Amino acid sequence: MATLKIRKVPKETLDTIRLRALAAGQSRQAYLRAWVIAMAARPTEQEVLASIEAALVAAG
């Protein structure tokens with residue numbers, strides 16, 4: 001598994017992440033890992049549009 005390091009995150013953002021992780025009963029690492037995995041699993045708007053365009057072209 002790879003390591004991801006993010007620098008220069010505002011303190012207010014870290015505080016929010018800490019509170020959300022605490023509310024979810026998770027460590028910050030576990031909370032952010034789940035969030036990053038979920039975010040990467042969702043297609044971007046551009047990917048969705050390209051998929052629709054490819055389907056329309058294939059349908060003729």
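Which residues does Q26 touch, not counting residues up to four places away in sequence? Select Q26 and show its surroundings: the residues are A21 and Y31, where contact means heavy atoms within 4.5 Å.

Before going on, note that this is a predicted model, in which local features need pLDDT of at least 70, side-chain atom pairs count only at pLDDT 80 or more, and totals for chains, interfaces and linings use all residues. Residues are numbered from 1 along each chain as its sequence is written, and side-chain values use heavy atoms, with hydrogens and water left out.

**The loop**

Stay on Q26. This residue sits in the loop between helix 1 and helix 2. Helices here are DSSP runs of H or I with at least four residues, strands are runs of E with at least two, and both are numbered from the N terminus. Q26 has a relative accessibility of 33%, so it counts as partly exposed. On this scale, buried means under 20% relative accessible area, exposed means over 50%, and partly exposed is in between, using a 1.4 Å probe and protein chains only.

**The helix pair**

Next select residues 11-23, which are helix 1, and residues 28-41, which are helix 2. Their axes come within 9 Å and cross at roughly 95°. An axis is a line fitted to C-alpha atoms, for helices over the stretch in contact, and angles run from 0 to 180 degrees between N-to-C directions. The two helices are therefore roughly perpendicular to each other. That label covers 65 to 115 degrees; under 35 counts as roughly parallel, over 145 as roughly antiparallel, and the rest as oblique.

Now show the side chains where the two helices meet. From helix 1, pick I17, R18, R20 and A21; from helix 2, pick R28, Y31 and L32. By class, this contact has four nonpolar, no polar and three charged residues. Ala, Val, Leu, Ile, Met, Phe, Trp, Tyr, Cys and Pro count as nonpolar, Asp, Glu, Lys and Arg as charged, and the others, Gly among them, as polar.

**The salt bridge**

Side chains of opposite charge can pair when their charged atoms come close. Select D15 and K11, which form a salt bridge with the closest N and O atoms 2.8 Å apart. The rule asks for a side-chain nitrogen of Lys or Arg within 4 Å of a carboxyl oxygen of Asp or Glu, and by this rule the count comes to one. D15 and K11 are four residues apart in helix 1, so about one helical turn separates them. D15 is partly exposed at 26% relative accessible area, while K11 counts as exposed at 55%.

**Before and after the helices**

Go to K8, in the segment before helix 1. K8 has a positive phi of about 60° although it is not a glycine. At 84% relative accessibility, K8 counts as exposed.

Then jump to G60, in the segment after helix 3 (45-59). G60 counts as exposed, at 94% relative accessibility.

**The annotated stretch**

Last, select residues 2-34, which UniProt lists in an unreviewed entry as "domain: Antitoxin FitA-like ribbon-helix-helix". Over these residues the chain is 61% helix and 0% strand, and the end C-alpha atoms are 14 Å apart.

Technical notes:
UniProt positions are given in the numbering used here, feature names are shortened, and annotations may be inferred rather than shown by experiment.
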